[in-house]
Amino acid sequence: MSAFGITPASTTIPLDEGRHGVASFTVTNQLGRPVRAVASVTPVGTPTADPGWFMGPERPERELALDAADQFTVELTVPEGVPGGTYGFRLDVVSVTLPEEEFGHGPAVTFQVPDPPPVVIPPPPDPPSGYIETVMGAVLGAIVGGLGTGVIGGIAILIAAGLSRPDDLSEAIGDIILFVLFVILAIFIGIWVGAAVGINLLL
């Protein structure tokens, strides 16, 4: 017969939101004489609990009278990130004078550790605020500016051709070439100016 009777209040321990639980045990002296005994926690099963998760009993060493019983409490806290699973432990009690001969092992007490939350990969950052609007403004401004200066330049060429004297063809051609170059330059400038204006209007 075991030197000590060890009876847990429950063989399953629930964990609260802080992953904390409490187990209570009744230890009975079955030696037939008074004894000084000491209690300890032993992890059992697979996966194996870390001994650092357990606190207590608060007074592990106690005097037990003949056929007397006493309550031992064990607290446990499971850190974040521990893999989920069913873990277990037991309460062991031995006499201080003859630990190799006078001892008792309690039944396994289990507790369920939830699986850690899945790792969430954040989505790529959104474009800076106003980025798309800025690009649209630049494109629209460039189109409007280029078309506007092109139309004005075309009208100017027609006017120049009409004002040129028919009997002085070389002079008329020279004027038209100058106007064409002017229109090309005006379109180029108009594109950049229109783009800048479009950006400012949409910001």
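In which strand is Arg-62 found? I looked this up and noted that Arg-62 belongs to strand β5, residues 61-64, where strands are DSSP runs of E with at least two residues and helices are runs of H or I with at least four, numbered from the N terminus.

Before going on, I noted that this is a predicted model, in which local features need pLDDT of at least 70, side-chain atom pairs count only at pLDDT 80 or more, and totals for chains, interfaces and linings use all residues. Residues are numbered from 1 along each chain as its sequence is written, and side-chain values use heavy atoms, with hydrogens and water left out.

Is Arg-62 buried or exposed? I recorded Arg-62 as buried because its relative accessibility is 8%; buried means under 20% relative accessible area, exposed over 50%, and partly exposed in between, with a 1.4 Å probe and protein chains only.

I then followed the side chain of Arg-62, which reaches the backbone oxygen of Arg-59 at 2.7 Å and that of Gln-71 at 2.5 Å. Leaving aside neighbours within four places in sequence, I found Arg-62 in contact (heavy atoms within 4.5 Å) with residues including Val-35, Pro-57, Asp-70 and Gln-71.

Strands β2 (residues 20-29) and β6 (residues 69-77) run antiparallel and are joined by 9 bridges, pairing being called when DSSP finds at least two bridges between two strands. Strand β4, residues 54-55, also pairs with β6 in the antiparallel sense, over 2 bridges, and there I noted Glu-75 as the partner of Met-55.

How values were computed
Polar contact = N/O pair within 3.5 Å; in protein donor to acceptor, adjacent residues only side chain to side chain.
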